[in-house]
Amino acid sequence: MNDIAADTDVIVVGGGPSGLTVASELALAGARVTVLERRTEPVQSRAGTVLPRVLELFDARGLADRFFERARSIKDNPLIPVHIWAGMKPVHWHHLNSRFGFRLIMPQNMTEELLLDYAREVGVDVRLGVTVQDVRQDADSVTVTAVQDGNHLSLTARYVIGADGGRSVVRRQAGIGFEGHGATFTGIVADVRTRPLTADGRAMTDNEHGWVTSFPFGEDEDGTPVTRFNIVHAERRHTDPSEPVTAEEVRQCLSDVLEQEVRFDGLRWASRFTDALRLATAFRERRIFLVGESARIHYPASGVGMNFCIQDAFNLGWKLAAVINGHADDALLDTYEAERRPVAEELMRSVEAQCAVQFNFTPEGVAFKRMFQEHLLPLPDVNRRIALELNGLTQPYPSLPGSHPLTGQRAPDLELVTPDGIRRIGELLREQRFLLIDCTGNGTYEDLDTDAMPVRALSGVPVVTTPELRRVKSLLVRPDAYVAWADEDSPDPEAAAEQIKHWIGAQR
């Protein structure tokens, strides 16, 4: 066997959505990044939904239109304004006050194809068919050893990011624990060659026999429509997760719950899922980081898991790039876990609550779900709270005592009248820099010396002022579209410089 050696700034182990996203964020900032992915073929279509918050983040990198275009290959109008929680509906996205008051139906393999194309565009070195065997770190670097086509591969990097899923080699090699519980029930996801069950393509039923949801999932190679079914059958949920899914089992489960026969000629793809739930005891071990399913696994409640993984990647990417580029010191990297762990813990609580409600198929459990869906879910405050929860936005990131209430919240969808015309935050963030905004339009920060720091100062007056922004005169927005600082006093260059220094500039 031959030995191959190379050096890079960051090795990302795993080429799924979170791995490709964090790699792209790093490469966009100029870091040298190598992705090692053991697969050589596209992933089967596990995840199927892209939520509003992730669409906001994709928009901040100019990627949203690519996803819209690709989603239209599945459905003429793929923009779905509602969602489910614990199998109940509708949860309305308009409560988010987002430019993207909808979600996309998007198979995970398509999401990965788009993210892979983008990663390569921005200069990520993506290597397929690489199986990582060992990860070791010292004070200055991390060495990854792997096998590719029978050859030994040894790479040394300043940092390693584990994005290699629930069985993460990186997590185990770093000595990071994975606490929680194993499976207590099993469900089925199946893609079958059949037309949708309803005119609008979507159906959901639950009763004493179980729960089924379905939606169109594109077409087979010969143009035959494909429908995805998610099933938890009251009796079959105790099946061993390793038992293969059969077409006859899917037919029987659908017949029991839907009380009608669903005709199809076979399974295009099927798998079992469980409610196993585990969370990494740390998201960082010195020079090693975890993102996505390497950091947690859970039942795919409401289909939101991939979206939280991608948000991890956006959070870590710009921070690690700032350290690599000498704009910040190592302390910035500690904020990754400080910000994302509470979000992950909240997600776990939500998943467990949803499972407890959704899969109680007793007469009392079914009665409660009917009452909740009819009388409580429609209440605006309840519906909005759940919409925020599904997007990981129920609590702000930690901030300093006395900070403005906007600090740590997702950035508002702000449009500004500037000397260069009307500009919006989603477009301005595409340079992956902090935005320092003088909201009075007086140009106070235009001469602020940032010494080639990743900061853009601009001046403008909001087109539409929401209540939370009405008195704000200064706004500092992070590259991942969160508010780093907001202030209602007159714009002050010294105060702004201190806020920038708080986030970056520590090594200047």
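Start by selecting D149: this residue is exposed, with a relative accessible area of 72% (exposed means over 50% relative accessible area, buried under 20%, and partly exposed in between, using a 1.4 Å probe and protein chains only). You'll find D149 in the loop between β10 (142–148) and β11 (151–162). Helices (H or I, at least four residues) and strands (E, at least two) are DSSP runs, numbered from the N terminus. D149 has a positive phi of about 55 degrees, though it isn't a glycine. Most residues other than glycine have a negative phi, and most peptide bonds are trans.

A quick note before moving on: this is a predicted model, where local features need pLDDT of at least 70, side-chain atom pairs count only at pLDDT 80 or more, and totals for chains, interfaces and linings use all residues. Residues are numbered from 1 along each chain as its sequence is written, and side-chain values use heavy atoms, with hydrogens and water left out.

Now jump to Q432, in the loop between α11 (425–428) and β24 (434–438). Q432 also has a positive phi of about 55 degrees without being a glycine. Is Q432 buried or exposed? Q432 counts as buried, at 7% relative accessibility.

For a peptide bond to look at, select K89 and P90: the bond between them is cis, with omega near 0 degrees. P90 sits in strand β6 (residues 88–92).

Next, highlight helix α6, residues 247–258. Its buried residues are E249, V250, C253, L254, V257 and L258. Look down the axis of α6 and these buried residues fall within an arc of 135 degrees, so they line one face of the helix (the arc is that of the directions from the helix axis to the C-beta atoms). They pack against β13 (186–193), β14 (203–207), β15 (210–219), β16 (225–233) and β17 (267–274), where contact means heavy atoms within 4.5 Å.

Last stop: the second largest pocket. A pocket here is an open set of points on a 1 Å grid over the protein atoms alone, where a 1.4 Å probe fits, with protein on both sides within 12 Å along at least five of seven lines; lining residues have an atom within 4 Å of a point. Select N97, R410, A411, P412 and D413, which lie nearest its centre among the 37 lining residues. Then colour α2 (52–59), which gives the largest share of the lining, three residues. Eight of the eight residues of α2 are buried, so this helix is largely enclosed by the rest of the structure.

How values were computed
The expected span of a helix is 1.5 Å times one less than its number of residues.
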